[in-house]
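Let's take a friendly walk through this one together. Have the viewer open, and we will go from single residues to the sheet.

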Amino acid sequence: VLHESDFEGLKKLRVLDIQNNLILAVSFSTLSSLCSLQSLTLDGNNMESVSGPLKLPKLKYLSMENNKLHSFSGSFFAPLQHLQFLSLTGNLLTKVPLNLPKSLLSLKLERNQLKIIRFRDMKHLENLSELFLSENQLSSVDGAQLLPNLTTLELSRNHLQTMPLRLSARLQKLDCSNNFIQRVTAQGFQDLRDLKHLFLDNNTV
């Protein structure tokens, strides 16, 4: 359990790591006094819910891997105007959280239960460079060109039957290994002039 008073007075604390404990829920008003916090790690707890918004204006790194999180409120991430790295790997998410910070550079959502990706809900993430979606339940991916600075897209161990459509022209790494892709055509790569790493192993081409 975390209490409201646990972190009072820690005005200069920059890094807080409380991973691999038995925390069931976090009310982020508990952390709101940590006005200098830049890195928060909550991996490997038993968190099923979080209540926000998360008012940590200087936070750059947030990791909540390997919990039991199903969803986030629409306002949860809104105050995090400087967040660059967010990892929600290993949870129970069925959709990408809304209103993620525009400042994000890297987003990790591996090992969740995502069945669809709506890139139009993410098009404000114009700085996003890395998107990790491996080990979900995606059957198709279309429209990543709405993320103009995306250079890495990882989609291994999903249910893809076709190559992703309309990808970012700046993409350098595309991992579609361990899917059910049957056909690969030159047309799918005609705009990917920066592509350096392509993984298509363990498909049905």
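Which residues does Leu59 touch, not counting residues up to four places away in sequence? Keep in mind as you look that this is a predicted model. The partners of Leu59 are Leu37, Gln38, Ser39, Leu40, Leu54, Leu80, His82 and Leu83. Leu59 itself sits in the loop that links strand 4 (49–51) to strand 5 (61–63). Its relative accessibility is 0%, so Leu59 counts as buried; the cut-off for that label is under 20%.

Now move on to another loop, the one between strand 9 (152–154) and strand 10 (173–175), where you will find Asn158. Is Asn158 buried or exposed? With a relative accessibility of 3%, Asn158 counts as buried. A polar atom of the Asn158 side chain lies 3.1 Å from the backbone nitrogen of Leu138. Leaving aside residues up to four places away in sequence, Asn158 touches the run Leu133, Ser134, Glu135, Asn136, Gln137 and Leu138, along with Asn178, Asn179 and Phe180.

Nine strands make up an open sheet with parallel pairing, in the order 1-3-5-6-7-8-9-10-11. At its edges are strand 1 (15–17) and strand 11 (197–199), each of which pairs on one side only. From one strand to the next, the twist averages 5°.

Technical notes:
Residues numbered from 1 in each chain as written. Predicted model: local features only at pLDDT ≥ 70, side-chain atom pairs only at ≥ 80, totals over all residues. Heavy atoms only, no water. Pairing = 2+ DSSP bridges. Helix = DSSP H or I, 4+ residues; strand = E, 2+ residues; numbered from the N terminus. Axes fitted to C-alpha atoms, helices over the stretch in contact; angles between N-to-C directions. Buried < 20%, exposed > 50% of the residue type's maximum accessible area, 1.4 Å probe, protein only. Polar contact = N/O pair within 3.5 Å; in protein donor to acceptor, adjacent residues only side chain to side chain. Contact = heavy atoms within 4.5 Å.
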